[in-house]
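Me: I would like to go through this structure and ask what lies behind the words used for it.
Reply: Go ahead; each answer will set a value against its definition.

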Amino acid sequence: MKIAALLAPAVLVFTLGACAGETGNGNAQDADTLLTGEWPSVESAAAGQEVNMYMWGGSDSINRYLDDWVAPRMKENYDIDLNRVPMNDAQDIINQLLDEKSVGKTDGSMDIIWINGENFKAAKDNGLLWADFTGQLPNYNEYVDSDAPEIAEDFGEPVEGLEAPWGQAQFVFVHDESKVASPPTSMAELAGWVRENPGQFTYPAMPDFTGSAFIRHVLYETTGGHEQYGLPADEIEDLEGRLEPMWEYLNDIEPYLWREGETYPESLAKLDQLYASGEVALTMSYDPALAASEVLKGRFPDTTRTFLLAGGTLANTHFLAIPFNSSEKAGAMVAINEMLSPEAQIAKLSPANWGDLSALDPEKLSPAQQQAMNAVDLGAATLSLEELENHRLPELSADYIKIIEKGWVENVAKE
Amino acid sequence: MWRKSKPYLLLLPAIATIVLLFFGGLFDGLLKSLGYFPAIGETRLELTAYAEVVQSDGFWESLELTLRVAVLSSILAGILGGILGVSLFLLNEASKTGQARVWHRLFQLPLTIPHLVGGYVVVLLFMQSGLLSKLLASLGVIDELTDFPVLVNDPFGWGIILTYAWKEAPFVSLLIYPVLSRIQRSWRDVSRVFGAEKWNFIREIVLPVMLPSWTIAVFIVFVFTFSAFEVPFLLGVTYPGMLPVYSYQLYTSGTFADRPEALAVNIILAALTIALGLVIYYFSKRWQVWKGWA
């Protein structure tokens with residue numbers, strides 16, 4: 001026993017060294033056959049593999065959907081052990097992969113990662129993703145509209161088959177019907193509403209994901225629409241000048257915000273808490289069904305409803321990718337394919353499981369599958385799929401988001 | 001040979017872990033703060049990140065806030081902890097039953113609560129729509145919830161100071177109590193013979209005995225609050241944030257190219273902490289703190 005305790009660190013050091021030295025040639029050959037071979041051969045290669053899925057772990061309902069719905073099916077149908085590894089932030093996943101790449105680790109522990117937007121861009125730019133694999137997945141080919149802009153691009157960055165769409169999210173505002181009967185439906189109306197109801201509104205501070213999405217709506221509405229931001233950020237003319245109306249708007253409403261804008265909630269969780277305890281009248285979410293599930297849990301009042309801006313709100317797609325150094329790539333492909341099946345997507349749509357919008361093209365589903373999807377009860381607080389669909393705006397590309405988040409600290413928080 | 005090297009060998013796993021994780025991380029941070037980041041193709045070493053940090057207002061405002069909060073929380077925790085320790089000591093002197101032990105355990109309770117939980121407790125109790133505010137409003141002491149003073153997420157940092165004072169006072173008392181318990185019961189009797197009142201006894205004997213270890217305890221609290229993250233993150237304001245929060249904001253809201261600046265803040269923070277640690281070490285050696293007095 002004592003010897004073992006002594007040996008452990010030595011073994012650790014040696015195996016770390018060995019891992020770094022390994023070239024992974026055998027791995028590369030296997031990987032090629034996975035990308036060109038027939039699907040049944042991928043399935044048979046996947047049997048018995050243990051697939052680690054690294055993902056943001058902050059939501060009970062999402063975690064339960066994976067552990068109780070997806071994982072048992074993977075075990076039963078494909079003999080794959082799907083092991084969910086919770087992470088605090090998708091950015092931590094990228095940081096860890098970046099570290100693994102810089103030390104030359106070829107047999108990584110991550111097989112599936114859940115990412116999008118800036119994290120996808122960082123992963124793609126630094127070569128952290130495996131290969132163009134989505135064309136191999138039967139469910140992707142059958143049910144996904146790969147030409148749709150929200151599937152072909154991830155926050156403006158071409159996806160190029162490096163990640164498969166898992167679901168979609170759309171930004172909604174949340175209000176209590178009994179307190180705010182007719183909520184503002186444009187940024188101009190919101191500014192007026194905030195003035196009439198001082199202290200009743202605020203948004204999460206950057207770099208919070210939802211707070212950042214909120215100010216992108218301000219950007220679109222105060223600077224004349226999203227079309228102009230199609231170019232990469234370093235090619236657009238006078239970006240600082242273009243952003244000016246947004247900072248002006250945010251500074252104009254600041255004195256009427258919660259705590260006179262002296263501070264902002266550091267996270268969406270804090271804003272939700274302020275809403276739940278009645279300190280502010282509105283909150284927001286990048287998940288259209290989240291309010292409904294908070295009502296189910298009893299955290300939000302029963303009269304909670306969601307609303308959109310008349311000019312539309314941001315929608316984005318979130319994706320599943322396979323890291324460059326995954327050691328169980330076949331298992332990862334089979335698991336991702338399974339999560340794209342209509343059954344898995346319909347189950348995911350139900351607020352009882354998660355309440356996440358489907359990544360599949362409804363037109364490609366069979367009538368029975370379409371019916372099953374429309375029959376899911378989204379809860380009184382969630383808007384209809386049709387209404388959400390008719391008010392979608394494309395996301396801004398990730399390089400702008402970084403500039404805006406940094407600019408907010410300089411132009412709004414410090415002022 | 002075996003007998004001699006055995007203790008060192010047994011320490012090896014612990015030391016290896018510390019060296020690998022702690023110093024490894026610190027070293028990695030130092031390299032990246034100098035702009036060395038091969039994964040994104042940066043291999044030069046330069047001090048630009050440090051120059052940028054030192055020239056930004058954000059850093060100095062953050063440092064000022066950090067010092068203010070750390071000084072106030074350690075002094076408050078020191079006073080509270082000192083009073084707590086002396087009271088427990090006197091209680092122990094006076095009572096013969098196990099009553100003192102019950103109090104002792106009760107006051108140690110905050111030690112078992114993680115800082116993050118402590119921070120949330122303060123949020124839930126003291127925010128304007130918190131428990132205390134609602135209680136006062138329903139009792140009619142204040143008319144509206146907004147009349148309750150802003151104690152959480154306030155620019156001065158009262159929420160953070162409050163949390164640390166509450167959380168670290170038992171730690172201070174825990175450190176001074178063993179020293180106090182060395183005071184013999186007979187000394188009290190002797191002091192009585194010479195006509196000392198209770199207050200004289202405390203001032204002439206108890207306070208001088210506990211002073212060295214009390215000072216060190218306050219220093220430790222200071223260094224801890226100086227570099228801790230979670231409580232300021234939960235209870236601070238968006239701008240300025242305390243140094244660890246400032247570094248986190250830099251690290252998460254910029255691109256990879258902004259990382260050196262965030263890590264430079266961390267390295268400066270670590271250097272200040274180590275310097276303070278050396279000061280503590282120096283004084284604790286000189287005063288022979290753990291014996292009580294030189």
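Me: What makes strands S7 and S8 of chain A a pair?
Reply: Strands pair if DSSP finds at least two bridges between them. Strand S8 (residues 282–285) of chain A is joined to S7(A) by 4 bridges, and the two run antiparallel. That meets the cut-off of at least two bridges, so they count as paired. One position to look at is A:Val172, which stands opposite A:Ser285 in S8(A). Strands here are DSSP runs (E, at least two residues), helices are DSSP runs too (H or I, at least four residues), and they are numbered from the N terminus.

Me: Where do the model and its numbering come from?
Reply: This is a predicted model, in which local features need pLDDT of at least 70, side-chain atom pairs count only at pLDDT 80 or more, and totals for chains, interfaces and linings use all residues. Residues are numbered from 1 along each chain as its sequence is written, while chains are lettered from A and ligands numbered from 1 in the order in which they are written.

Me: How many bridges link S7(A) to strand S9 of chain A?
Reply: S7(A) and S9 (residues 304–307) share 4 bridges, in the antiparallel sense. Here A:Phe173 stands opposite A:Phe307.

Me: Why are S8 and S9 of chain A said to stand at the edges?
Reply: The open sheet has 3 strands in the order S8-S7-S9 (chain A), with antiparallel pairing. S8 and S9 of chain A each have a single partner strand, so one side of each lacks a neighbour in the sheet. From one strand to the next the twist averages 30 degrees.

Me: What lies across these strands?
Reply: Helix H13 (residues 290–297) of chain A lies across S7, S8 and S9 of chain A, at about 175 degrees to S9(A). Such angles run from 0 to 180 degrees between N-to-C directions, with axes fitted as lines to C-alpha atoms, for helices over the stretch in contact.

Me: Why is strand S7 of chain A called mostly covered?
Reply: A residue is buried if 20 or more other C-beta atoms lie within 10 Å of its own, exposed if 12 or fewer, and partly exposed in between, with C-beta atoms placed from the backbone. In S7 (residues 172–176) of chain A, 5 of its 5 residues are buried. A:Val172, A:Val174 and A:Asp176 point one way, A:Phe173 and A:His175 the other way, and all are buried.

Me: How many residues of helix H14 of chain A are buried?
Reply: In H14 (residues 329–339) of chain A, 10 of its 11 residues are buried, and the helix is described as mostly covered. Among them are A:Lys329, A:Met333 and A:Asn337.

Me: How do you know that chains A and B touch?
Reply: Two residues are in contact if their C-beta atoms, placed from the backbone, lie within 7 Å. By that test 29 residues of chain A are in contact with 24 residues of chain B. Of the elements of chain A, H18(A) gives the most to this side, with 5 residues.

Me: What are the two domains of chain A, and how far apart are their centres?
Reply: Chain A is divided into domain 1 (45–165 + 317–383) and domain 2 (172–315 + 392–413), with bounds from an automatic or database domain assignment. Their centres, taken over C-alpha atoms, are separated by 27 Å. The contact takes 17 residues from domain 1 of chain A and 21 from domain 2 of chain A.

Me: What is the secondary structure of chain B?
Reply: Chain B has 12 helices and 0 strands. Buried residues make up 33% of its 294 residues.
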